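Please look through the structure shown here and follow the chain as you read. The explanation below begins with one residue and then widens to the parts around it.

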Amino acid sequence: MDYETVRSVDPEVADALDGELDRQQNTLSMIASENHVSEAVLEAQGSTLTNKYAEGYPGKRYYAGCENADTVEELAIERAKDLWGAEHVNVQPHSGTQANMGVYFAVLEPGDKILSLDLTHGGHLSHGHPANFAGKLYEVEQYEVDAETGRIDYDAVRERAEAFDPDIVVSGYSAYPREVKWDRIQEAADAVDAYHLADIAHITGLVAADVHASPVGIADFVTGSTHKTIRAGRGGIIMTGEEFADDVDSAVFPGGQGGPLMHNIAGKAVGFKEALQPEFAEYAEQVVANAKAIGERLQEHGFTLVSGGTDTHLVLVDLRDSHPDVSGGDAEAALEAADIVLNANTVPGETRSAFDPSGIRIGTPALTTRGFDEAAMETVADLIARVVDNVDDEAVLSEVSANVDRLTDEFPLYE
């Protein structure tokens with residue numbers, strides 16, 4: 001990958017770009033929300049479409065010269081419909097959070113009520129955290145996972161909905177390792193005549209490949225990110241029925257943002273085409289198999305997994321039982337020093353600060369893209385366990401880093 005043109009203009013930025021390429025090639029990316037896109041997606045996102053304003057929608061733009069932008073956006077929309085079976089798709093949101101904003105703006109008024117999963121139990125900022133716009137504009141109440149099982153108690157969600165009477169119920173999560181029963185959340189929403197928003201930001205690719213149940217056709221709105229397990233151009237997406245199409249489109253533009261990022265939409269279109277190929281289903285199945293493999297191996301090392309395992313692309317480790325003196329932040333820092341990159345994460349019943357919580361979240365999408373299989377993931381789990389057992393031992397961290405070097409050589413990125 002060549003940044004020489006950038007270097008000729010701005011060597012400082014070129015150095016940072018080279019450094020980031022080197023970092024990604026020579027570390028293990030295990031942040032659950034990250035992935036490695038193809039060179040085709042990278043090229044599309046770096047295309048001349050970055051120069052083009054295209055406010056509006058295909059065939060109804062506010063600027064001239066949008067014929068190629070229209071083609072790209074229409075391709076992205078049609079491919080998304082094929083992938084997820086949605087009636088109406090908006091590919092313009094700049095992120096998953098702005099996709100959620102588009103839904104809220106389409107059907108809620110300031111002060112309306114949102115019922116969603118608590119952030120420390122696996123929810124997301126945009127589902128109503130007080131620091132986020134959603135928590136500032138709307139009245140929010142949150143449900144939790146069951147303290148004993150680490151799983152959603154759907155009867156309890158319905159009871160909470162009946163007590164709170166929300167205008168919208170939000171499902172879909174950022175740190176929940178189990179398959180979601182969308183129909184049970186829909187029952188809770190129906191019981192109080194509320195809308196249902198299913199946020200599949202993390203599992204867009206798993207849903208597209210039918211390795212996770214789909215909320216499309218069940219929930220009123222489905223939102224997601226387009227750069228995580230789906231491995232397309234960076235941004236967000238909204239899927240809904242025709243009855244909400246106009247409200248959603250006007251909520252996105254002009255309601256929540258101006259000109260769409262057409263170069264990102266080009267990346268979405270290319271990534272969606274890749275996801276429509278038969279080998280993508282094999283990839284998605286491997287993502288889940290790898291998560292199960294790493295989780296089971298960590299359990300053999302004595303680690304506690306929230307909910308006891310995983311059905312998805314991530315495992316959530318609660319360190320309080322196995323390593324009571326090691327915080328999530330301690331583990332994250334030591335692992336990064338050994339070239340394994342993941343994130344500290346809150347766990348249900350969190351007893352520490354959200355800035356230095358009790359758990360770590362481990363994702364498999366990026367390593368699966370590199371070609372890691374279950375055997376390789378078991379090796380990675382062994383390395384993670386060795387680091388967390390010895391967070392202050394520089395010799396151990398150096399030894400693990402050397403093993404990471406061997407793995408990154410065996411499974412190269414962007415050859």
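**A serine and its surroundings**

Serine 307 sits in the loop that runs between β11 (304–305) and β12. The model is a predicted one. Is serine 307 buried or exposed? Serine 307 counts as buried because its relative accessible area is 13%, and buried means under 20%.

Leaving aside residues up to four places away in sequence, serine 307 touches Thr149, Gly150, Arg151, Pro177 and Arg178. With one of these, arginine 178, there is also a polar contact: the side chains of serine 307 and arginine 178 are joined at 2.9 Å.

To place these residues, consider how the chain is divided. The domain assignment gives domain 1 (4–30 + 278–410) and domain 2 (43–275). Taken over C-alpha atoms, the centres of domain 1 and domain 2 are separated by 27 Å.

How many residues of domain 1 are in contact with domain 2? There are 25 residues of domain 1 in contact with 25 residues of domain 2. The size of an interface is often given as the accessible area lost when the parts come together. Here domain 1 and domain 2 bury about 2,000 Å² between them, and 61% of it lies on carbon and sulfur atoms. On the side of domain 1, the residues that lose the most area to domain 2 are Phe280, Ser307 and Asp311, which together make up 31% of what that side buries.

Polar and charged groups also meet across the interface. Between domain 1 and domain 2 there are 10 residue pairs in polar contact, counting pairs with both residues at pLDDT 80 or more. The rule finds one salt bridge across the interface of the two domains. Aspartate 311 forms a salt bridge with arginine 178, and their closest N and O atoms are 3.1 Å apart.

Which elements give two or more residues to the side of domain 1 that touches domain 2? They are α12 (278–300), β12 (314–318) and α15 (365–370). The largest share of that side, seven residues, comes from α12. By kind, the residues of this side divide into 12 nonpolar, 10 polar and three charged.

For another position, turn to aspartate 405, in helix α17 (residues 394–410). Aspartate 405 is partly exposed because its relative accessible area is 36%, a value between the cut-offs of 20% and 50%. Aspartate 405 and glycine 308 are 97 residues apart in sequence, and their C-alpha atoms are 31 Å apart in space.

Key. Residues numbered from 1 in each chain as written. Predicted model: local features only at pLDDT ≥ 70, side-chain atom pairs only at ≥ 80, totals over all residues. Heavy atoms only, no water. Domains from an automatic or database assignment. Contact = heavy atoms within 4.5 Å. Buried area = accessible area lost by both parts, 1.4 Å probe. Salt bridge = Lys/Arg side-chain N within 4 Å of Asp/Glu carboxyl O. Polar contact = N/O pair within 3.5 Å; in protein donor to acceptor, adjacent residues only side chain to side chain. Helix = DSSP H or I, 4+ residues; strand = E, 2+ residues; numbered from the N terminus. Nonpolar A, V, L, I, M, F, W, Y, C, P; charged D, E, K, R; others polar. Buried < 20%, exposed > 50% of the residue type's maximum accessible area, 1.4 Å probe, protein only.
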